[in-house]
Each structure stands twice: as structure tokens, then as C-alpha cells.
Amino acid sequence: IRWGVSYHQSGSPDAQRQWERIRRELQEFHDHKVTVVVEVGAGHHEQPLGRGRPHLDEQGFMKEGEKEDLTWRPEHDADYEAFCYQLVTEFGWPKGPVTAIKLWNEPWEGLSISGWGADMVRYRELFKRMGDAVFRARQATGVDVLIGGCDSSANTIDKLFGDNWDAW
């Protein structure tokens, strides 16, 4: 199954509750022989305005009641990578139910329904962090976890192959 989890900054008030829930749910999946593809997305973390970043109208004013960008700021990327690493090392197959990990649901640029409002460059930065965490976890612990693309082939082509760079 696809199992969504929010990234929470380590040390944040919700981080401990988040890990307790993660451990409980993933252990239950594993006990019942259900494997999961983890989808990491927006969580509760420090935002510049204390909320998701709204989009701007034609005059440069913030749109209220519209979709928001919930992508965390770059200074939290190392912590996000550590979050992915911990998730994969603790719960990666075969010792846990996690067989794959992916980043965000439908990361459309602009007005995404999923809270993604950043661009392809930002997606690639976060995707690389996630991938690096998985590669390190595989080597350090022997877990067998795949790295998934986007939810649709169109998003995968746009986010990972959109500039004809074949590194992905």
C-alpha cells in the first residue's frame, strides 16, 4: 500500500508523537505481512509566515483561501534527509514493511492540491536528499528499499527528466 507520512523537524513538539505513531503503524503492517511504499510529504514545520506560503495574484498580493506551498525551507533539508534515513534504517525491508520510499503526492508546480508549490529544482534537491539517505541506509544496514518516482509518469517526466538531464 502507499502509506503517507509527514516530515516533522526533529526536536519539534510533534516529532516524538509522530515517531510513536510511525512505529506503531509500521509494526502493525509488518506483523500482518503488509508491505508499504512510504510517501513523504508536508508536515508541521517552521514556515516563514507561520503558515503555508500562499500564492500571489497578478498584483503581487497574497491569495487567501487558495492552495498553499507547504514545502519546508532549505535549511531543514539535512534534518529531512536524517528523517528519511531513520525511517528506512528502522523499518526497511526485510526487518520492517517498507519496500520503497517516494517524495510527495502530485508535486505540481504552481497550485498543487497536495501542498507542493515549489519548482522542479526544489523537488530534485529533496529527491536527491531522500535518495542519498536510502543509499546510505542500504549500505549501513542492508535494508532492501527502492526509491520511487512521482505518482504519475507525467510528474516523473516533468520533475526528474524535464531538462533532459539523465542523472536520475
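**Salt bridges and a helix contact**

Modeller: E25 counts as partly exposed, because its relative accessibility is 25%, a value between the 20% limit for buried and the 50% limit for exposed. The model is a predicted one. The side chain of E25 meets that of R21 in a salt bridge, with N and O 3.0 Å apart. R21 is likewise partly exposed, with a relative accessible area of 25%. Both E25 and R21 belong to helix α1 (residues 13-31), where four residues, about one turn of the helix, separate them. An α-helix has 3.6 residues a turn, so residues three or four places apart point the same way. Side chains of opposite charge can pair when their charged atoms come close.

K128 is partly exposed, with a relative accessible area of 45%, and D132 is partly exposed at 27%.

The side chains of E75 and R73 meet at 2.7 Å, N to O, and E75 counts as exposed at 52% relative accessibility. R2, E39 and K102 are joined in a network of salt bridges. Over the whole structure, a search finds eleven salt bridges.

Helix α3, which spans residues 120-141, is also among the elements that cover the buried residues of α4. Those buried residues of α4 (residues 153-161) are N155, T156, K159 and L160. They lie on the same side of α4, because they cover an arc of only 100° around its axis. S153, A154 and I157, on the other side of α4, are exposed.

How do the axes of α3 and α4 meet? They come within 8 Å and cross at roughly 90°; α3 and α4 are therefore roughly perpendicular to each other. In this contact, M120, Y123, R124 and F127 of α3 meet D158, K159 and L160 of α4. Sorted by type, the residues of the contact are four nonpolar, no polar and three charged.

How values were computed. Residues are numbered from 1 along each chain as its sequence is written. This is a predicted model: local features need pLDDT of at least 70, side-chain atom pairs count only at pLDDT 80 or more; totals for chains, interfaces and linings use all residues. Side-chain values use heavy atoms; hydrogens and water are left out. Buried means under 20% relative accessible area, exposed over 50%, partly exposed in between (1.4 Å probe, protein chains only). Helices (H or I, at least four residues) and strands (E, at least two) are DSSP runs, numbered from the N terminus. The arc is that of the directions from the helix axis to the C-beta atoms. Contact means heavy atoms within 4.5 Å. Axes are lines fitted to C-alpha atoms, for helices over the stretch in contact, and angles run from 0 to 180 degrees between N-to-C directions. Angles under 35 degrees count as roughly parallel, over 145 as roughly antiparallel, 65 to 115 as roughly perpendicular and the rest as oblique. Ala, Val, Leu, Ile, Met, Phe, Trp, Tyr, Cys and Pro count as nonpolar, Asp, Glu, Lys and Arg as charged, and the others, Gly among them, as polar. A salt bridge is a side-chain nitrogen of Lys or Arg within 4 Å of a carboxyl oxygen of Asp or Glu.
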